[in-house]
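Let's take a walk through this protein together, one spot at a time. Have the sequence and the model side by side as you read.

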Amino acid sequence: QHKTNVYFNNSAMTITKPQQKLRIAVSTMPVNAGETTRAVEICRALRDQATASNLDVQIKFFATLYSPDKGVSFDHFITDAGFELELIGPGYSPSERKALFDREHSQEEFFQGPEEKQQAVDAIRGTTAALKEFNPTIVLYGFSYDMAAQLAAKILSIPSALYLPLPTDKTFLNEVIYDDLPSDIQAKGFWLLPKAVRRKILRHVISSPNTAANQPTLRAAAIEAGWIKEKKEGKTVWLWDMLESDVLVNDLPGNYNDYDLSESTVITGPVFPFDDDTSSETPVDPEILRVFHPSDDKNIKIFVAMGSSGHKKDLIEAIKAASRSTPDGSVYNVVALVPRTIGSVEEIQTSVFGTDPIPDRVYLTDAFVPAKQVNKLADIAIIHGGQGTVQTAMGAGTPIVSVGLQPEQVINIRQVERRGAGIKLERRQWSEASISDAIERIVTDGSYRESARSVKKEMDLCDGSGTSAQALLALAMSQTQ
């Protein structure tokens, strides 16, 4: 009997080592940088822990939501880390990918109409066939618009785990949605209503069978592809019912002290790509080091990163605000990421500076950068509210000016704002003038920097990828007993 200790919900478990190989299928969206890099880091830790425990583990990635255009896809991070990747189906064109992102941000159904429903059916069936052939012990997946792996695992009755920014407990979601989201609804005049009225309206909207929370077209596609979910009398099957699994929440445990979460939820701590700066696979671009020179303590340095799923207009407004002169004539040094999923460097440069040459103190790049290292060089980060982007700034102790493009991002930013480590602007406020005002507040008020450093200290005590790997090994090994 060969036994080993693994950990789940912070409790040690001694489990007999399985004699057969553990197969772990991993599904992610290579069109989203954050989803992809988090999955890779969890699997790096999983591979390392399996090796240290002398466990025979095979890890294989699967993806339907990829782009045939390699300029806007991040699947190379998977293969560069030494993992096998199987691409299922034809992938998504840039226009199809953009439509999915836009619908998520505007809280619409991801898939709409008969053709897109069939697209979802094909993705679920293709993934079901691929998983059946691989025969995994468990399936790990992040959020994906077509939910192909989630539903395929349910169709095949394979145990699964989900890595997410937030818990999927309905009690938690109900509380934070009604508390955190009403003021960010974009309907004209909605935010002017009293909060109690907004909450009542939102409760009614979310319970509707045709909202983003319920995904009726995707649910119909799932049923056609072979998923059976009983509908209780008077109850609507939510998006979260499709995602139902053991949940790994890659966030700070301290953010959930006031919530009674289910036993299947593990708050792992943040997960960073290439977290060990001393062995980072991506060196810092010399041009970034020129603009953000480490020895320069006189000029304010601003890092702009609106994410691979952001909007072009939001990025342009952020760069304009960071690049312009202040009322007293001061200027800032700026490094801005321009994801190819949003536009070209030349296009963004023209939108911001017109025909004028780009200032020497501003650098725009479409290359992947070691964001944690660059954040450490910056004094302020202007970002969207994606979990990886927010946590990377906090992990560097850098205060933020941020906007939420969809509900999860709004909640991420509010967690930071409540800690005093950043300023949240609502979508209707996201303009050059408002962003500039927020920058000035952080520059002149040192408490934001101190609060960000306090959050960093808390994050330094976490091992998000390691804790995630421990929970996954415990789940996988429990299936062999």
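**A walk through the fold**

Leaving aside residues up to four places away in sequence, K21 touches D56, Q58 and T137, where contact means heavy atoms within 4.5 Å. You'll find K21 in the loop between β2 (11-16) and β3 (22-27). K21 and L55 are 34 residues apart in sequence, and their C-alpha atoms are 7.8 Å apart in space. K21 is partly exposed, with a relative accessible area of 32%; buried means under 20% relative accessible area, exposed over 50%, and partly exposed in between (1.4 Å probe, protein chains only).

A word on ground rules: this is a predicted model, where local features need pLDDT of at least 70, side-chain atom pairs count only at pLDDT 80 or more, and totals for chains, interfaces and linings use all residues. Residues are numbered from 1 along each chain as its sequence is written, and side-chain values use heavy atoms, with hydrogens and water left out.

Now step back for the whole picture. The protein has 18 helices and 15 strands; these are DSSP runs numbered from the N terminus, with helices being H or I of at least four residues and strands E of at least two. Buried residues make up 56% of its 481 residues. Among contacts between residues at least 6 apart in sequence, 70% join residues at least 24 apart.

How do the helices meet? The axes of α1 (residues 33-52) and α18 (residues 464-478) come within 8 Å and cross at roughly 60°. That makes α1 oblique to α18. Axes here are lines fitted to C-alpha atoms, for helices over the stretch in contact, and angles run from 0 to 180 degrees between N-to-C directions. Angles under 35 degrees count as roughly parallel, over 145 as roughly antiparallel, 65 to 115 as roughly perpendicular and the rest as oblique. On the α1 side, the residues that meet α18 include E41, I42 and A45.

Another pair, α14 (residues 387-395) and α17 (residues 447-460), packs at an angle of about 100°, with axes 8 Å apart. That makes α14 roughly perpendicular to α17. Q391, M394 and G395 of α14 make the contact with A452, V455, K456 and M459 of α17.

Next come the charges. Side chains of opposite charge can pair when their charged atoms come close. A salt bridge is a side-chain nitrogen of Lys or Arg within 4 Å of a carboxyl oxygen of Asp or Glu, and by this rule the count comes to 18 salt bridges. One of them joins E35 and R38, with the closest N and O atoms 3.9 Å apart. E35 and R38 are three residues apart in helix α1, so about one helical turn separates them. E35 is buried at 7% relative accessibility, and R38 is buried with a relative accessible area of 7%.

E86 forms a salt bridge with K60, the closest N and O atoms being 2.9 Å apart. E86 lies in strand β5 (residues 84-87) and K60 in strand β4 (residues 57-63), so the pair ties together parts that are 26 residues apart in sequence. E86 is partly exposed at 26%, whereas K60 is buried at 11%.

Which charged residue is buried yet has no salt bridge? That's E408, whose nearest side chain of opposite charge, R38, is 6.4 Å away. (Lys and Arg count as positive and Asp and Glu as negative; His and the chain ends are not counted.) E408 sits in helix α15 (residues 407-418).
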